[in-house]
Amino acid sequence: VQLQASGGGLVQAGGSLRLSCALSGISGSANVMAWYRQAPGKQRELVASISSGGTTKYGDSVKGRFTISRDNAKNTVYLQMNSLKPEDTAVYYCKGIYAGMSFWGKGTQVTVSS
């Protein structure tokens with residue numbers, strides 16, 4: 001099982017980025033796919049999650065700015081990040097839950113300059 005994330009980078013405050021993460025090596029769809037982030041010196045926190053049925057959940061700090069979506073046929077999850085702030089700077093990790101097990105991808109760096 002492998003998760004491959006892409007889309008990170010450097011952006012100015014107020015800008016946008018779109019992250020993608022593809023889950024491979026399973027048959028069927030992941031039950032839940034999610035994005036977490038970890039800033040230097042801070043704990044990893046949930047950014048957003050989405051179930052196979054489309055139910056979403058967001059961290060308070062990103063509500064109204066970030067949108068999570070998924071393509072079940074491709075087992076891919078997306079994170080559209082708008083109105084980015086310097087405090088959004090972190091390493092972003094995708095996670096997939098399948099058959100009761102959690103799988104993590106390598107992180108992708110998002111840096112927002114002021």
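**Entry 1: Asp88**

I began with Asp88, which is buried at a relative accessible area of 1%. I note at the outset that the model is predicted. I then looked up the salt-bridge partners of this residue. Asp88 forms a salt bridge with Arg65, and their closest N and O atoms are 2.7 Å apart. Asp88 sits in the loop between β8 and β9, whereas Arg65 sits in the loop between β6 (56–58) and β7 (66–71), so this pair ties together parts that are 23 residues apart in sequence. Is Arg65 buried or exposed? I found a relative accessibility of 11% for Arg65; since buried means under 20%, Arg65 counts as buried.

**Entry 2: Arg37**

I next turned to Arg37, whose side chain meets that of Asp88 in a salt bridge at 2.9 Å, N to O. Arg37 belongs to strand β4 (residues 32–38) and Asp88 to the loop between β8 (76–81) and β9, so the pair ties together parts 51 residues apart in sequence. Arg37 also meets Glu45 through their side chains, in a salt bridge of 2.7 Å, N to O. I recorded a relative accessible area of 6% for Arg37, which is buried. Glu45, in contrast, is partly exposed, with a relative accessible area of 35%.

I asked which residues are linked in a network of salt bridges. I found Arg37, Glu45, Arg65 and Asp88 linked in this way. For the model, I noted a count of 4 salt bridges.

I looked up the contacts of Phe66, leaving aside residues up to four places away in sequence. Among the residues that Phe66 touches are Arg37 and Asp88, together with Val47, Tyr58, Leu79, Met81 and Tyr92.

Which residues touch the most other members of the largest nonpolar core? In this core of 29 residues, they are Trp35, Val47, Phe66, Leu79, Met81 and Tyr92. I then listed the elements that give two or more residues to the core: β1 (2–6), β3, β4, β5 (45–51), β7, β8, β9 and β11 (108–113). As general background, I noted that nonpolar side chains tend to be buried together in soluble globular proteins.

**Entry 3: the disulfide**

I recorded the link of Cys21 and Cys94 as right-handed, with 45 degrees about the S-S bond. Are Cys21 and Cys94 buried or exposed? I found both Cys21 and Cys94 buried.

**Entry 4: the hairpin of β9 and β10**

I followed β9 onward to strand β10 (residues 101–104). The two strands run antiparallel, and 4 bridges join them. I looked up Lys95 and found that its bridge partner in β10 is Trp104. The hairpin of β9 and β10 has 2 residues between the strands, and in this hairpin Ala99 takes a positive phi near 55 degrees.

Conventions. Residues are numbered from 1 along each chain as its sequence is written. This is a predicted model: local features need pLDDT of at least 70, side-chain atom pairs count only at pLDDT 80 or more; totals for chains, interfaces and linings use all residues. Side-chain values use heavy atoms; hydrogens and water are left out. A disulfide is a pair of cysteine sulfur atoms within 2.5 Å. Buried means under 20% relative accessible area, exposed over 50%, partly exposed in between (1.4 Å probe, protein chains only). Two strands pair if DSSP finds at least two bridges between them. A nonpolar core is a set of buried Ala, Val, Leu, Ile, Met, Phe, Trp, Tyr and Cys residues joined through side-chain atoms within 4.5 Å. Contact means heavy atoms within 4.5 Å.
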